[in-house]
Amino acid sequence: MAGEAEQSPRFFVAVHVGAGYHAPSNEKSLRSAMKQACLAAASILRKGLWWMCRCCFSSYSNTGVINRMRWFSCHWNYSICWNPVIFKDDPSTNAGRGSNLTEDGHVECDASVMDGDSGAFGSVGAVPGPGVRNAIQIAALLAKEQMLGSSLLGRVPPIFLVGEGARVWAKSKGIDFTATIEEADEWLVTEKARQQWQKYRAMLDDAMAKKKNSSVETAMLSEVKAQPSDSSKGNEGGQSSALEDDYIMDTVGVICVDTEGHIASGASSGGIALKVSGRVGLAAMYGSGCWASSKGPFGAPFIVGCCATGAGESLMRGFAARECCISSSLSQAGPASACTKVLRSVVQNSSQHGTDKSAGILLVQADAPITAPQNSPKLKAIEMAASYSSMSFGIGYFGSSMVRPKVSILRSSKLQGRTGIDHFEARVPFEKSLH
């Protein structure tokens, strides 16, 4: 049995369900979504690279909410990046069904994937109704074409498509869209999202109608984005506490590593509440929402992947995911230090400009695989870290040496009150089982 276990493929997957505020009443469903995402990735990674190179597609079911997870036979990474599809069909997350609505009441989705070995990247932004369920699939198809090289007449394949153009391109590549925007919205827009939109829309309309000076208007608009902690100081007049509602800023994400140290990452998001239609957020931006690399900045082997979530515009300006990976490769202080360093700059920038500082960064760093004579490389160990400046940050992870996934809604502590940032870190070795 020991010899058999030694031959089993090693793997690691880490996921998150966004930074912001996760209501205790919704914690169970979020933990379940993260657990199912980890298990779905593991069921692919356990097959090993040899099996996956012969696989056309796989299907998984999460109590009826996990969409079919297709996969490209040219490379294993993309099937793993499609794990955000699990979150996209789960209404408890801000991706796909149950997403935040635009100011005109529709769902628009952003998504991206990145392969660490080749650097191939694909993303879509502001994808409307019928394309929302396929957004991560379209991003993966874009990345695949990067790996295949030039198309007809030497035209450079796109890496980033937006809006209706993304849907039309995907349809030309054989991705099926069966619903109109109206039909798609019937499934995508949940009652909870609709009620939240009606509340925020009324506040915005009221602020615009009053046409007072800009300082008053700005103050009212900021109420839309206020964190629940602002309204938790009291509950006068019998009003329900805002702490009963989720306030999840942005993306869901996943980072996966296989037995030979190949790494990939992916992100997907419904964006911020009441966003301007056409707004492209963090999850779609190169170097911002996700990053993966198998080499350091000077070419030496260094396996690292990252997903960022939260106050999108601040994180986009700093290329948060990429900078976190580079910082980790240049420093000997470990992934937690790299996450905290990058997040600190986001917090400082947000404080200077008076914008929301809620953000979270998830980073996975793999030790170089062990290579024995006449054997394939074997993943040695994983270090992971999560840093966050928000009230909470939902993360989960699972490795082949673990009995079951570990999932948690991390919440702010006294440390965050002093520094503005909390963090979590773990090391997962693969030599023995962890319970």
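Select Arg201 and Asp205 to start: their side chains meet in a salt bridge at 2.8 Å, N to O. A salt bridge here is a side-chain nitrogen of Lys or Arg within 4 Å of a carboxyl oxygen of Asp or Glu. This is a predicted model, in which local features need pLDDT of at least 70 and side-chain atom pairs count only at pLDDT 80 or more, while totals for chains, interfaces and linings use all residues. Residues are numbered from 1 along each chain as its sequence is written, and side-chain values use heavy atoms, with hydrogens and water left out.

**Helix α10**

Both residues of the opening pair belong to helix α10 (residues 191–210), four residues apart, about one turn of the helix. Helices (H or I, at least four residues) and strands (E, at least two) are DSSP runs, numbered from the N terminus. Asp205 is partly exposed at a relative accessible area of 36%, and Arg201 counts as partly exposed at 21%. On this scale buried means under 20% relative accessible area, exposed means over 50%, and partly exposed lies in between (1.4 Å probe, protein chains only).

Next select Asp206 and Lys210, whose side chains meet in a salt bridge at 3.5 Å, N to O. They are also four residues apart in α10, so about one helical turn separates them. Lys210 is partly exposed at 42% relative accessible area, and Asp206 is partly exposed at 33%.

**Other salt bridges**

The structure holds nine salt bridges. Select Arg322 and Glu323 for another of them, at 3.3 Å, N to O. Arg322 is partly exposed at 30% relative accessibility, and Glu323 is partly exposed at 33%. Then select Asp367, Glu383 and Arg427, which salt bridges with shared partners join into one network.

**Helix α7**

Move to residues 135–148, helix α7. Its 14 residues should span 20 Å at 1.5 Å a residue, and its end C-alpha atoms are 20 Å apart, which agrees; the expected span is 1.5 Å times one less than the number of residues. Ten of the 14 residues are buried, so α7 is largely enclosed by the rest of the structure. Among the buried residues are Ile136, Ile138, Leu141, Leu142 and Glu145. Step just past the helix to Gly149, which takes a positive phi of about 95°.

Most residues other than glycine have a negative phi. Select Ala126, where phi is positive, near 50°. Ala126 lies in strand β5 (residues 121–127) and is buried, with a relative accessible area of 7%. Then go to Phe319, which has a positive phi of about 45°. Phe319 sits in the loop between α12 (312–317) and α13 (320–330), and is partly exposed at 41% relative accessible area.

**Strand β1 and its partners**

Select residues 12–21, strand β1, where ten of ten residues are buried. Which strands pair with β1? Seven bridges join β1 to strand β14 (residues 392–399), and the two run antiparallel. Two strands pair if DSSP finds at least two bridges between them. Ala19 has Phe393 of β14 as its bridge partner. β1 also pairs with strand β8 (residues 252–257), in the antiparallel sense over five bridges; there Val15 stands opposite Val254.

**The five-stranded sheet**

Now show β10, β11, β12, β13 and β16, which form an open sheet in that order with antiparallel pairing. Its edge strands are β10 and β16 (422–429), each pairing on one side only. The twist averages 10° from one strand to the next; axes are lines fitted to C-alpha atoms, for helices over the stretch in contact, and angles run from 0 to 180 degrees between N-to-C directions.

Within this sheet, five bridges join β10 and strand β11 (residues 301–310). Ser293 has Val304 as its bridge partner in β11, and Cys290 has Cys307. The hairpin of β10 and β11 has five residues between the strands, and in it Gly299 takes a positive phi near 95°. Nine of the ten residues of β11 are buried. β11 pairs with strand β12 (residues 359–366) over eight bridges, in the antiparallel sense; Ile303 stands opposite Ala366 there.

**A nonpolar surface patch**

Finish with Ile159, Phe160, Val162 and Tyr286, a nonpolar patch on the surface with about 330 Å² of accessible area together. Patches are made of residues with over 30% relative accessible area and no salt bridge; like charges are joined within 9 Å, and nonpolar side chains (Val, Leu, Ile, Met, Phe, Trp, Tyr) within 5 Å. Accessible areas come from the Shrake-Rupley method with a 1.4 Å probe, and for residues only the protein chains shown count as cover. Tyr286 lies in the loop between β9 (263–269) and β10 (290–295), and is partly exposed at 40% relative accessible area.
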